[in-house]
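We take them one at a time.

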Amino acid sequence: MLYITAELENLTNLQPKGGVDDPNFAYYFKLKCENCGEVTDKETCVILSETLPLAKKGTTNLVQKCKFCKREGTVTMIPGRGSPLTHDYSETGKHAPLMVFDCRGFEPMDFAFSSGWKAESLEGTKFDDINLDGGEFAEYDEKGECGVMISNVRSMFKVVDLSKKNL
């Protein structure tokens, strides 16, 4: 599970532009081979709406070979388990669960924040297409007559048991 947190100033509901299960949101992160420990040089891009057939049955979002040991691995996204980062979570330093990745042969690491995010002010003003590539976002909320800001964005991947309700 990818978890995110950030300092939200006068903002709430930070999430991908199309919601937590946005079919077109690009997730960028590095992969570590579970066989030899090699980490990819560059981030890999995984998108929910882009699928590939698996050899036996079903589909996956990524099939990739380790450059070092040539072992093949897959990353399959599992929607329906994420939630936006709320102001309350931000205030208490909690991480919000964003997306589940079923990784076989690879371990995800170093999620890279990029463009395509949205949030809303505590007064209800919507901010779409937020770019967190530089790690922060600042704007002025006319309705609330105050500055809004996202800073100190952080993420972590944690192994979760999908049979449990609270992730």
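Val39, Thr40, Asp41, Gln64 and Lys67 lie nearest the centre of the second largest pocket, which has 16 lining residues. A pocket here is an open set of points on a 1 Å grid over the protein atoms alone, where a 1.4 Å probe fits, with protein on both sides within 12 Å along at least five of seven lines; lining residues have an atom within 4 Å of a point. The model is predicted: local features need pLDDT of at least 70, side-chain atom pairs count only at pLDDT 80 or more, and totals for chains, interfaces and linings use all residues. Residues are numbered from 1 along each chain as its sequence is written, and side-chain values use heavy atoms, without hydrogens and water.

The volume of this second pocket is about 230 Å³. Volume means the space filled by probe spheres set on the points, with grid points joined across faces, edges and corners. Strands β3 (26-33) and β7 (62-65) each supply at least two lining residues. β3 gives the most, with three. Strands are DSSP runs (E, at least two residues), numbered from the N terminus. By class, the lining has six nonpolar, three polar and seven charged residues. Ala, Val, Leu, Ile, Met, Phe, Trp, Tyr, Cys and Pro count as nonpolar, Asp, Glu, Lys and Arg as charged, and the others, Gly among them, as polar.

Now turn to the largest pocket. About 290 Å³ of space lies there. Its lining has 15 residues, with Met1, Phe101, Cys103, Lys158 and Val159 nearest the centre. The largest share, four residues, is from β9. Eleven lining residues of the largest pocket are nonpolar, four are charged and none is polar.
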